Amino acid sequence: MQKIVPHLWFDHQAGDAAVLYTSLFDDSSVHSRSGMSGTPSGEVQIVNLSLLGQEFMFLSAGPEFRFTPAVSFLVSCRSKAEVDRYWQTLSDSGSVMMPLDRYPFSDRYGWIADRYGLSWQLMYSPESPGQRIVPTLMFVGENCGHTEAGVEFYTSVFHETSVQHLMRYGPGSEPNRPEFVQHAAFTLEGQSFAAMDSALRHDFGFNEAVSFIVRCESQEEIDYYWKLLSARPEAERCGWLKDRYGLSWQVLPSFMDRLMMKPDGSPNGKAVEAMLAMKKLDIAALRAAGT
């Protein structure tokens, strides 16, 4: 089971986005669709799916949060034609951040925000590893210059971690400082991530539009991740938290679906109500509420 799952917050288009992405990317499918009522956003839709063999969760919950390039998804493509095919679909009604072209690091690469505002980096990488989609964190504003510390922090919190490389800008890269990180590749729980500093003027940062679910097998594990990750008490709600850099995480039981559902598969309103009143989730209290 995938330990860390990207969670994407859409206004109302989670279902449409799931159809678009699963029709575009190979080895992709929608696993389930469900709804939940009584949340601060009212009625919400939840879609569980896989893209290129990796698990994602999509949520339709209103316009409160919008995607930003602070978190993008790098897709390693095994041919230039694959890059072009993804680009053609994702660029429809989207906006280009870096045009599709040849760059020193790839013969075919482009960075785009699609029709929903979600950022994708498409790169020809014929010798790409097994994980085809890599979440990429951009440290901007007050976070700029903290990528190296961020990588050290995340690899100290999670298990099965490593740092593959950490490349700095070097001289002549103003406004970025030579010691800033141009690209870092690392793994958490055996899953690939990337990060970078950017000292350019940006009007965005991390927000709840993209969060990362950490699936936990016990209350002890929930307590462990919550204690180490949560740094902003005002952001703690329903298993959600923000870390010291403002990145959002959801620390949830791996069997959350079972806790929130009745035996007949319908939503368990009492369990949902109990969950909505919590900050850190309490498995025993959720089970008690649902009975």
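This is a predicted model: local features need pLDDT of at least 70, side-chain atom pairs count only at pLDDT 80 or more; totals for chains, interfaces and linings use all residues.

Me: OK, what about leucine 52, is its phi positive or negative?
Reply: Positive, at about 50°, although leucine 52 is not a glycine. Leucine 52 sits in the loop that runs between β3 (42-51) and β4 (54-60).

Me: Switching to the sheet. How many strands form it, and in what order?
Reply: Eight strands form an open sheet with mixed pairing, and the order is β6-β7-β8-β5-β9-β12-β11-β10. At the edges you find β6 (95-103) and β10 (162-168), each of which pairs on one side only. On average, neighbouring strands in this sheet are turned by 20° against each other, ignoring direction.

Me: Do β5 and β9 run parallel or antiparallel?
Reply: Antiparallel: β5 (residues 71-77) and β9 (residues 133-139) are joined by five bridges.

Me: Which strands does helix α2 lie across?
Reply: Helix α2, residues 80-90, lies across β5, β6, β7 (106-113) and β8 (119-124). Its direction makes an angle of about 15° with β7.

Me: Now the other helices. At what angle do α6 and α7 pack?
Reply: At about 145°, with the axes of α6 (residues 269-276) and α7 (residues 283-290) 7 Å apart. The crossing of α6 past α7 is right-handed.

Me: Which residues make that contact?
Reply: From α6 there are Lys270, Ala271, Ala274 and Met275, while α7 brings Leu286, Ala289 and Gly290. Sorted by class, the α6 and α7 contact residues are five nonpolar, one polar and one charged.

Me: Last topic: how many cavities of 30 Å³ or more are there?
Reply: The count comes to one cavity of 30 Å³ or more. The largest cavity has a volume of about 40 Å³.

Me: What lines the largest cavity?
Reply: Arg66, Phe67, Thr68, Ala70 and Val71 are in the lining, together with Gly205, Phe206, Asn207, Ala209 and Val210. Six residues of that lining are nonpolar, three are polar and one is charged.

Terms used: Residues are numbered from 1 along each chain as its sequence is written. Side-chain values use heavy atoms; hydrogens and water are left out. Two strands pair if DSSP finds at least two bridges between them. Helices (H or I, at least four residues) and strands (E, at least two) are DSSP runs, numbered from the N terminus. Axes are lines fitted to C-alpha atoms, for helices over the stretch in contact, and angles run from 0 to 180 degrees between N-to-C directions. Contact means heavy atoms within 4.5 Å. On a 1 Å grid over the protein atoms alone, a cavity is a set of points where a 1.4 Å probe fits but cannot get out, and a pocket is an open set with protein on both sides within 12 Å along at least five of seven lines; lining residues have an atom within 4 Å of a point. Grid points are joined across faces, edges and corners, and a volume is the space filled by probe spheres set on the points. Ala, Val, Leu, Ile, Met, Phe, Trp, Tyr, Cys and Pro count as nonpolar, Asp, Glu, Lys and Arg as charged, and the others, Gly among them, as polar. A crossing is left-handed if the near helix is turned anticlockwise from the far one by less than a right angle, and right-handed if clockwise.
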